[in-house]
Amino acid sequence: ISELQEWRPVIYRKCTDTLWLLLFCLFWAGLMFISGYAVVAGAAERLVLGYDSFGNICGRKNTPVEGANLSGLDMTNKKYVFFLNSCGLEIQSLKISSLSLCVSSCPQEQLNSLEDLQSFARNNGSFLCVYNLNVSNYTLNPKVAELCPTLPVPPSKSFPLFNRCVPQNPECYSKYASVLISMVNEMDVFHRILSGILAGRDTVIGLSVLALAFSLMLVLAFRFIQTLLIHTLIALVPFGLLFISGVLWWLHYDYRNDPSTELQTEKENVKFLLGYAIFSTIVTVVLLSLIFVLRKRLQFAVQLFRIVGKIIGRIPFLLFQPLWTFLILIVFWIFWVAVLLSLGTAGTAESTSGGQVEYRALSGICYMAWYHFVGLIWTSEFILACQQMVIAGAVITCYFNRNKNNAPPHPVLSSISVLFCYHLGTAVKGSFLITILRIPRIVLLYLYNILNQKKNAKCLFSCCFCWVCCQESCLRYFNQHAYTTTAINGTNFCTSAKDAVCILARNSAKLASISCLGDVLLFLGKVFVVCFTFFGGLMAFNYHRELQAWGVPLLLVGFFAYMMSHSFLSVFEVTADAVFLCFAIDMETNDGTAEKPYFVDQELLTFVSQSNKLTEGQNHRSTRPFQDNEDGTELQPM
């Protein structure tokens with residue numbers, strides 16, 4: 001740390017961390033292979049639309065399967081699955097024994113004879129017998145018992161989830177429900193999660209748009225009405241978190257004491273609610289503690305964001321940078337979810353001896369799903385890292401400019417070109433470190449589920465979770481400064497990280513409290529977006545408890561909301577951190593003389609000086625009782 005780094009802002013450039021960029025390209029080649037495989041072998045529509053015994057997906061056109069004469073039919077107008085023996089269903093190896101068909105409508109009244117089946121088909125256009133049996137032959141074919149439903153056919157109603165015709169007769173309904181519950185419970189967690197995502201896809205999209213609107217509002221508020229916004233956030237976020245924590249605990253109590261909770265999906269929802277309630281309570285306590293500690297620095301917070309807003313005002317296109325990042329993230333997330341759904345339904349269609357079709361799951365799907373999940377984290381972090389480097393590059397270009405009234409032309413475009421020409425590998429390496437740090441969290445979660453009944457294990461894994469989360473927060477902080485140092489010096493990730501640590505260590509007393517204050521307020525803004533989006537999702541998903549594991553879709557909503565808010569508010573976060581790092585470099589490399597004048601403007605210099613005086617004054621008052629001698633006379637510092 002004692003060695004002084006030779007800083008050379010925006011002078012020398014070379015390609016950095018090229019091998020890491022090559023590794024990322026190879027990783028994405030694997031992702032594209034998995035995507036192509038999933039598209040060819042998968043059919044996500046089977047999971048939610050349902051399909052008949054001949055391989056036809058209800059509600060769409062189908063392609064024929066070799067060996068199955070009744071496959072490849074147009075089922076556009078036949079959207080519901082109807083079981084020929086709905087009162088005598090049995091499940092064998094995750095398959096329902098009864099023959100199933102796609103029908104246009106479910107019988108609303110009981111059908112007691114073959115004549116009733118004929119009349120229902122002619123009046124409603126819904127044929128309840130096998131497709132190759134003409135309606136006029138319902139009463140003439142000798143094999144009608146095998147080709148038509150078991151009589152009497154109970155009245156049924158179309159069930160919105162899974163598009164099944166559910167019998168309304170009490171005895172048949174209980175049998176049907178028990179078989180369906182057994183089938184859902186025997187499905188693995190991966191397919192239950194996919195079912196929940198598909199069933200709640202409209203809600204997830206709507207809540208993501210809501211999170212986008214909240215993020216845009218916060219960005220504009222931080223830019224133009226700092227004073228009102230900061231006081232509103234400090235008052236509103238704690239009360240919002242307290243309210244949501246109370247709602248989560250109440251819902252957990254309600255689910256846990258509900259006697260009708262039989263499905264495995266509902267039991268999983270109970271576990272998710274408990275986890276959400278504990279996490280929300282911890283975040284509430286931490287935020288209340290931080291607000292209490294920083295309550296006397298609100299005026300400095302307003303001044304801080306006024307300075308940051310002034311810098312962004314010189315580069316107005318910085319406010320549009322999160323919009324492009326958000327659009328790229330949305331496109332990637334849609335692609336990722338589509339591949340995941342196709343991957344979860346990947347299977348080969350095989351015809352049986354009776355002309356029916358069975359889908360056999362392909363081996364290696366779980367490994368592909370894990371690879372795909374790592375791709376989600378790494379690519380999302382890479383996109384955010386690119387945004388951080390673009391913002392940092394634009395800010396340092398304007399900071400190390402002698403004429404503050406005449407900003408350099410097109411700093412954002414210049415920063416983007418530098419990133420793509422020289423420093424993509426650095427962004428890849430920094431995002432990979434974040435991804436690697438998340439793997440222990442996944443392993444801990446897996447072990448936590450295995451040892452769920454042991455209280456000592458729960459405490460141990462909770463401590464490990466906190467430790468890993470703290471490590472990830474620290475790594476994100478140093479990554480951001482490493483990106484800024486790369487934008488200044490053009491060095492690789494490791495060299496930039498070392499230089500950033502050295503300069504921050506030498507100036508920690510000057511900049512720590514200022515940076516911490518800004519980060520806390522921006523974190524409050526992110527919590528605001530996640531809090532209200534999460535509450536909207538909680539209320540929306542709570543109306544669909546049956547057969548839907550909405551814990552994971554709700555987690556996805558929270559993840560998307562946080563990524564959106566982080567993407568938009570990181571403009572202020574990266575700008576503030578980049579400015580203070582440039583300020584520290586400016587103070588070390590220049591002395592304010594005519595030969596080496598400072599780059600900093602007077603307003604920022606005054607703000608840092610006043611903040612340091614406040615910190616020194618607080619430290620002096622906290623040590624004052626120990627500086628008094630026996631006579632009560634205060635010892636003055638030299």
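**Surface, cores and disulfides of a predicted chain**

Colleague: What does the accessible surface of the chain come to, and how much of it belongs to carbon and sulfur atoms?

Modeller: The accessible surface comes to about 31,400 Å², and 63% of it belongs to carbon and sulfur atoms; such areas come from the Shrake-Rupley method with a 1.4 Å probe, and for residues only the protein chains shown count as cover. This is a predicted model, in which local features need pLDDT of at least 70 and side-chain atom pairs count only at pLDDT 80 or more, while totals for chains, interfaces and linings use all residues. Residues are numbered from 1 along each chain as its sequence is written, and side-chain values use heavy atoms, with hydrogens and water left out.

Colleague: What share of the residues is buried?

Modeller: Of the 638 residues in the chain, 48% are buried, where buried means under 20% relative accessible area, exposed over 50%, and partly exposed in between (1.4 Å probe, protein chains only).

Colleague: And how many helices and strands are there?

Modeller: The chain has 18 helices and eight strands, taken as DSSP runs numbered from the N terminus (helices H or I, at least four residues; strands E, at least two).

Colleague: Which residues have the most contacts inside the largest nonpolar core?

Modeller: They are Leu248, Leu318, Trp333, Tyr399, Phe572 and Leu604, in a core of 101 residues, and helix H17 (residues 551-589) gives the most to this core, with 21 residues. A nonpolar core here is a set of buried Ala, Val, Leu, Ile, Met, Phe, Trp, Tyr and Cys residues joined through side-chain atoms within 4.5 Å. Apart from this core lies another, of 30 residues, among them Leu117, Cys129, Val130 and Cys148.

Colleague: What does Leu318 touch?

Modeller: Leaving aside residues up to four places away in sequence, Leu318 touches Ile312, Ile391, Ala394, Val395, Val412, Val571 and Thr575, a contact being heavy atoms within 4.5 Å.

Colleague: Switching to helix H3, which of its residues are buried?

Modeller: In H3 (residues 114-124), the buried residues are Leu114, Leu117, Gln118, Phe120 and Ala121. Seen down the axis of H3, they fall within an arc of 165°, so they line one face of the helix; the arc is that of the directions from the helix axis to the C-beta atoms. The buried residues of H3 pack against helix H4 (144-147), whereas the face turned away from the buried side carries the exposed residues Arg122 and Asn123.

Colleague: How many disulfides does the structure hold?

Modeller: The structure holds three, a disulfide being a pair of cysteine sulfur atoms within 2.5 Å. Cys58 is joined to Cys102 (S to S 2.0 Å), Cys106 to Cys165 (S to S 1.9 Å), and Cys129 to Cys148 (S to S 2.0 Å).

Colleague: Is the link of Cys129 and Cys148 left-handed or right-handed?

Modeller: With 110° about the S-S bond, the link of Cys129 and Cys148 is right-handed. Cys129 lies in the loop between H3 and H4 and Cys148 in the loop between H4 and strand E5 (156-159), so the pair ties together parts that are 19 residues apart in sequence.

Colleague: And why is the disulfide of Cys58 and Cys102 called left-handed?

Modeller: The torsion about the S-S bond of Cys58 and Cys102 is about -80°, so that disulfide is left-handed. Cys58 sits in the loop between helix H2 (45-49) and strand E1 (80-83), and Cys102 in strand E4 (residues 100-103), 44 residues apart.
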